[in-house]
Amino acid sequence: MFIGHWAPAFAAAALQRAPRLPVLVLAAQVVDWLFFALLPLGIERMRVVPGISAMNPMDLYHLPYTHSLLGGAAIGVLFALACLGFTGNRRGALIAGLVVLSHWALDWLVHVPDLTLAGSPPKLGLGLWNRPAIAIPLELGVIGAGLWLYTRAMRPSAMRLAVFALVLLAFQLVNWFGPPPQAVTLSLSLTALAAFGLVTLLAWWLDTSTNLPRAGLAIDARRG
Ligand SMILES: [Zn+2]
């Protein structure tokens, strides 16, 4: 899953005392930030195996840290503790931690069995990447629902929302229909990290157009 990962971030940003949107957008993909950082170091590994699933030619054969449920939970706890340290907002920290954990659950829906509970088999994944007629509407549907919940609660600028949604859609279309990578290279990791970074920046830009009092990362002003 790619842009669908940000759906829980948008839904959670509409909750009272939630962290700000860019923090949650980072939380939703921090697992993949780490994966693409560990990939060039050889700590986690994938390879190109055309046809391994209908929609994704990457064989994600060694993801014991970032894409195990245990690893995801540990990353969620660390992320939540960082939020707590910066803001003192316990409820916001819990929300951010749960958004981190949502990454594994959404990946489980689409990945062919390559996820684990704690780093070793059994390998898990429902495999909707082999069912594009389900996976494509699912991914667009969940991010659409997330954007709708956020918009209803936070009333961002319509122009910025449209730009943001179009950028997400463009990234997803390239991901689905662009030329597949021929090899796992450093530039593949850098491209993925740049895309995540750009979406996080755009989330900040979108969030600054909402009508709430600005309070940095401390969100107590959002109550009521
Ligand atoms: Zn992932």
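Colleague: Where is the place of Ala54?

Modeller: In this predicted model, Ala54 sits in the loop between β1 (45–48) and β2.

Colleague: Does it count as buried or exposed, that Ala54?

Modeller: Ala54 has a relative accessibility of 56%, and because exposed means over 50% it counts as exposed.

Colleague: And which residues is Ala54 in contact with, leaving aside its neighbours within four places in sequence?

Modeller: With those neighbours set aside, Ala54 is in contact with Trp129, Asn130 and Pro132. Val23 lies 31 residues from Ala54 along the chain, and the C-alpha atoms of the two are separated by 33 Å.

Colleague: Changing topic to the metal, which residues coordinate the zinc ion?

Modeller: The zinc ion is held by Asp32 through OD, His67 through NE2, His103 through NE2 and Asp107 through OD, at 2.1 to 2.3 Å. Along the chain, these donors of the zinc ion follow the spacing D-x34-H-x35-H-x3-D.

Colleague: Which parts does the pair of Asp32 and His67 tie together?

Modeller: Asp32 belongs to helix α2 (residues 21–38) while His67 is in the loop between β2 (58–62) and α3 (69–87), so the pair ties together parts that are 35 residues apart in sequence.

Colleague: What is His67 in contact with, apart from its neighbours within four places in sequence?

Modeller: Its contacts beyond those neighbours include Asp32, His103 and Asp107, which are also among the residues that coordinate the zinc ion. Val31, Phe35, Glu44, Trp104, His111, Leu115 and Thr116 are in contact with His67 as well. The C-alpha atoms of His67 and Asp114 are separated by 8.6 Å, although these residues are 47 apart along the chain.

Colleague: On to the helices, at what angle do α2 and α4 cross?

Modeller: The axes of α2 and helix α4 (residues 90–110) cross at roughly 40 degrees and come within 8 Å, which makes α2 oblique to α4. The crossing is right-handed, and the contact is made by residues that include Leu24, Val31 and Asp32 of α2 and Ile95, Val99 and His103 of α4.

Colleague: How do α6 and α7 pack, and what is the angle?

Modeller: Helix α6 (residues 158–177) packs with helix α7 (residues 186–207) at an angle of about 165 degrees, their axes being 10 Å apart, and the two are therefore roughly antiparallel to each other. α6 passes α7 in a left-handed crossing, with Leu161, Phe164 and Phe171 of α6 and Leu198, Leu202 and Trp205 of α7 among the residues that make the contact.

Colleague: One last topic, the backbone: which residues does a cis peptide bond join?

Modeller: Pro121 and Pro122 are joined by a cis peptide bond, with omega about 10 degrees, and Pro122 is in the loop between α4 and α5 (132–154).

Colleague: What phi does Arg17 have?

Modeller: Arg17 has a positive phi of about 60 degrees although it is not a glycine, and at 16% relative accessibility Arg17 counts as buried. Arg155 also has a positive phi, of about 50 degrees, without being a glycine, but Arg155 counts as exposed at 55% relative accessibility.

Key. Residues numbered from 1 in each chain as written. Predicted model: local features only at pLDDT ≥ 70, side-chain atom pairs only at ≥ 80, totals over all residues. Heavy atoms only, no water. Donors = N, O, S within 2.8 Å, 3.2 Å for Na, K, Ca; no water. Helix = DSSP H or I, 4+ residues; strand = E, 2+ residues; numbered from the N terminus. Axes fitted to C-alpha atoms, helices over the stretch in contact; angles between N-to-C directions. Parallel < 35°, antiparallel > 145°, perpendicular 65-115°, else oblique. Left-handed = near helix turned anticlockwise from the far one by under 90°. Contact = heavy atoms within 4.5 Å. Buried < 20%, exposed > 50% of the residue type's maximum accessible area, 1.4 Å probe, protein only.
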